[in-house]
Amino acid sequence: MELFTNQVLAGIATGAIYACMALAVVMIYQAIDHLNFAQGEMAMFSTFISWQLMQWGIPYWAAFILTLALSFIAGIAIERILFKPLAKAPILTNVAGFIALFAIINSSAGLIWDFTIKQYPTPFGSAPFLGSQLISTHQAGMIGVTVLLLLGLYFFFQYTRIGLAMRAAASVPESARLVGINTSWMIALGWGMATAIGAIAGMLIAPVVFLEPNMMGGVLIYGFAAAVLGGLTSPFGAVVGGFLVGVFENLAGTYIPGVGNELKLPIALALIISVLVVKPAGLFGRHIVKRV
Amino acid sequence: MSAVEEVVTEAPAVEAVPKRAMTLGTGTSLLVLAALIIMPIFVKNFIIFQMTMLLIYGLAVLALNILTGGSGQFSLGQSAFYAVGAYTTAVLMEHFEVNYALTLPIAGIVCFGFGFLFGQPALRLSGVYLALATFALATAMPQLLKLNFLEHWTGGVQGLVVTKPDAPFGLKMSQDMWLYYFSLVVVIGIYLLAVNLLRSRSGRAFMAIRDNEIAASAMGVDVALYKTLAFGVSAAITGIAGSLGAIAVQFVAPDSYTITLAVSLFLGMVVGGVGWLPGSIVGAAFIIFVPNIAEGISKGLSGAVFGVLLFLVIYLVPHGARQVAILGQQLAGKLRKN
């Protein structure tokens, strides 16, 4: 029993990483209706920028805020420059664009900061949290930040005019345009916010997985899986999905014989797919009815 | 965040390509064919090898094109089918000493079964969900091939070495050249089959599902059957491509068949034009040669150069090589009128 609770706790701790990433994924999915394959790389690049700022002697929180602002602007710029011209192109062409962006960011980060692993500081310290060996204060802080972020997003979307406008632009673009919402800029705003959330995820994850250009590869896959499991239309679902995927993965690794680290990912994905077969819109996703 | 059901009139994810627009005219086809037959006589063995790989990747892209361009289903798991085909051939050739040519149909049948079965749970999923499911398959495959209890057959992480066949009937041809012509015959055969499949009743059913699934089922198309069938056919063709690939490269190992391969095949399809079968070979050329070109321009930034080139292509021709072909046709038509 103790092994079980310990594994669940450890799962929640890694789940916080996935939840953060899943939030960013849902954010952009809400804005543009696609999964952005370059999201992880964008988060990685933001994290490198904050690292660089700290190397130049800027204190952690100042670098944190500055990175958020820069990422927000960069996200909007990427949308305006690279993806707005593709707005009328087929969806699959857009996906190819994401893959191109992935290659560009990954390779430039490798050239600027090279591929050696770097230490990344944590603002929360890494002592055991409340005497538990499994969760460190950093991981507890990460869970806290994820929950705060989720609350913030909830209030933003439910109670602000611009949040409402973004939701309208995403769900019924034509009607939104008719009532005077600039849907094209709402998409850009969605990119900016998703990039900023990705930056937060990256900066929280970096102390755990260490900083290097390929740090986000695995995390993004779990983030996608978490977002899809929770339902791509629900930020709350994404966070729950993130924690569930973390717990799934740990329990599968502990209790199913023959599952080493190698098979953890396939098993977690297989579980998610079984859930999707039963609930195709994810656990908390809205069921969308199609008109013929 | 509300529980209200949303009603949307969704544009299909894949554009409707009329079936006539899916192929080339007879004249152009014969020209391309003639070029493909004559070329190896004038070039070095290494280039012949690259052209063989071009045909093989072209075949794999074609398979994805039937699935996505034909039936509107998206797959990031093609590398798994490719791996199954490659391993079937390698195991049959090395452990059972089956003739290489015979392993191709066997690989095709094995992959058809595999794809058809995988299509069953995938039936309930579409769009991003299907992408995730197929993606899971692609990430699981290399790990499954490394499993301990299969190691006796698959050679584990080490993989298997495959012997390259000599030209038969005492033909005075290098191994590379023989393999090229062998692949060419297989590819042309499958291309013709694929074109005919899309023109048949089944092909029309695929396209009806692609354009509007609900309308298709209302008109009496057995959606479940045809969707899984499309998966099966696509997997079978990918598997045959995998077999040829194993023979050409003379080596199979789990890490040659990662998600990167599936992503490349996807890019090949987009660059060639989704739903335009002859574009597959153009797409294959892109995924084989452009990374090399990028490496040539800058070693350290090869990924970035590749990305920029890819962006250039999708800006200039968002519909891929098909768009170029259509433009060419229109130009030719104008010239003829003058």
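Predicted model: local features only at pLDDT ≥ 70, side-chain atom pairs only at ≥ 80, totals over all residues.
Biologist: How many helices and strands does chain A have?
Modeller: From the N terminus on, the order of elements in chain A is α-α-α-α-β-β-α-α-α-α-α-α-α-β. The count for chain A is therefore 11 helices and three strands.

Biologist: Why can chain A be called as compact as a globular protein of its length?
Modeller: The C-alpha atoms of chain A fill a box of roughly 60 × 50 × 35 Å along the principal axes. For 292 residues the globule rule gives 19 Å, so chain A is as compact as a globular protein of that length, its radius of gyration being close to that value at 19 Å.

Biologist: What share of the contacts in chain A, at a separation of 6 or more, comes from residues 24 or more positions apart?
Modeller: Buried residues make up 50% of the 292 residues in chain A. Among its contacts with a separation of 6 or more, the share from residues 24 or more positions apart is 73%.

Biologist: What radius of gyration does chain B have?
Modeller: Chain B contains 14 helices and three strands. Along the principal axes its C-alpha trace spans about 65 × 65 × 45 Å. The globule rule gives 20 Å for 338 residues, so chain B is as compact as a globular protein of that length, with a radius of gyration of 20 Å.

Biologist: Which helix of chain A supplies the largest share of the side that touches chain B?
Modeller: In total, 43 residues of chain A are in contact with 42 residues of chain B. On the chain A side, α4 (91-113), α9 (216-230), α11 (261-278) and β3 (288-290) each supply at least two residues. The largest share, 14 residues, comes from α4(A).

Biologist: How do the residues on that side of chain A divide into nonpolar, polar and charged?
Modeller: The side in question is the one that chain A turns to chain B, where 43 residues of chain A are in contact with the partner. Its residues divide into 31 nonpolar, eight polar and four charged.

Biologist: Which residues does B:L59 contact, leaving aside its neighbours within four places in sequence?
Modeller: Leaving aside neighbours within four places in sequence, its contacts are B:V187, B:I190, B:I237, B:I240 and B:A241.

Biologist: Is A:G241 buried or exposed?
Modeller: A:G241 is placed in helix α10 (residues 235-255) of chain A. Beyond residues up to four places away in sequence, A:G241 touches A:A22, A:A226, A:A227, A:L229, A:G230 and A:L283. Since 20 or more other C-beta atoms within 10 Å are required and A:G241 has 35, A:G241 is buried.

Biologist: What distance separates the end C-alpha atoms of helix α5 of chain A?
Modeller: Helix α5 (residues 137-159) of chain A has 23 residues, which at 1.5 Å a residue should span 33 Å. In agreement with this, its end C-alpha atoms are separated by 32 Å.

Biologist: What is the phi of A:F210?
Modeller: Most residues other than glycine have a negative phi. A:F210 lies in the loop between α8 (183-209) and α9 of chain A, and is partly exposed, with 13 other C-beta atoms within 10 Å. Its phi is positive, near 70 degrees.

Definitions and conventions. Residues numbered from 1 in each chain as written. Chains lettered and ligands numbered in written order. Helix = DSSP H or I, 4+ residues; strand = E, 2+ residues; numbered from the N terminus. Rg over C-alpha atoms; globule rule 2.2 N^0.38 Å. Buried ≥ 20, exposed ≤ 12 C-beta atoms within 10 Å, placed from the backbone. Contact = placed C-beta atoms within 7 Å. Nonpolar A, V, L, I, M, F, W, Y, C, P; charged D, E, K, R; others polar. Expected span 1.5 Å × (residues − 1).
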